[in-house]
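My notebook is open and the viewer is loaded. Here is what I looked up, entry by entry.

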Amino acid sequence: NAYQLTEDATKSLDSGFFTTQGFRLYRLDQKVNTASRYRLRIYKQNNDGDQVSAVTPIVENFDISKPIGQQRISFGPRGQDFDWDAAKYARIYQSYLRFYYVEINAFNPGDSVRKYVDYNLSNKIGTTIDGNGSISNNVTYDQFYRFLYNNVGVKENVKRFFRGMDIYVVAGADDLATYISVSQPAEGIVQDKPLYTNVTNGIGIFSSIGNAEKLAMRLSSPSIDSLIKGIYTCDLMFGKASQADTCFCLVPGQFICN
């Protein structure tokens, strides 16, 4: 089957290093079939010059396997594993945790704002693209709570409350992984980087990505305690309800409830 792409002027280009001059965004109005390979053909005006074309497989659907189900996230002595199934046709995986919290004015409880910070997990490269196996990422206690201290930040006259975490994984196809790899900053004396393209009679990347997510995840009770009275995050003034009181950190390791 052949489909004509529709120009979409309702969306703008994401921020980055690409020029916005002459930018056009097109969409496919049909549902993408992950079992198919897609060929892009670009016809020039008056059929002038060679036809531009490229081919890509479609990254198939995949799932996050750890934490299991809605199991609570726990940054214990061994850290927390974040695992997902390898996706067919995927080579590179980028993932992050989105940590939500509410910040409340200590002198005016009605003055509150919902915020979040993103913790980027390390990129992973799959050894195959056949969809077999799994990908694993571990986040340690020190890594996570140091991150919160540095990115949430100490702020006077506020109280904070944890409101959940989302887990996001993006899987990119082989050509996209190659493009990202050769586009990394050069190390050493030789600084010239090769130009990589998978477009015939053109320059660019025609590839695909797949997404997996787990939303509204909770922290385990020990991890909540570490958030509130831990050595890294005590000064962030996170609180938790305890019977009729609300507890905050007095000094690392100790609550004060009122």
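Which residues lie nearest the centre of the second largest pocket? I found Phe162, Arg218, Leu219, Ile224 and Lys240 there, among 14 lining residues.

A note on the ground rules: this is a predicted model, where local features need pLDDT of at least 70, side-chain atom pairs count only at pLDDT 80 or more, and totals for chains, interfaces and linings use all residues. Residues are numbered from 1 along each chain as its sequence is written, and side-chain values use heavy atoms, with hydrogens and water left out.

Pocket entry. I took a pocket as an open set of points on a 1 Å grid over the protein atoms alone where a 1.4 Å probe fits, with protein on both sides within 12 Å along at least five of seven lines; lining residues have an atom within 4 Å of a point. Lining residues come from β11 (158-173) and α3 (221-229), each supplying at least two, and α3 gives the most, with four. Helices (H or I, at least four residues) and strands (E, at least two) are DSSP runs, numbered from the N terminus.

Backbone entry. I noted a cis peptide bond between lysine 66 and proline 67, with omega about 0°; proline 67 sits in the loop between β5 (64-66) and β6 (80-85). Asparagine 157 has a positive phi, near 60°, and lies in the loop between α1 (141-152) and β11. Methionine 237 also has a positive phi, of about 60°, in the loop between α3 and β13 (240-242). Most residues other than glycine have a negative phi, and most peptide bonds are trans, so I flagged these spots.
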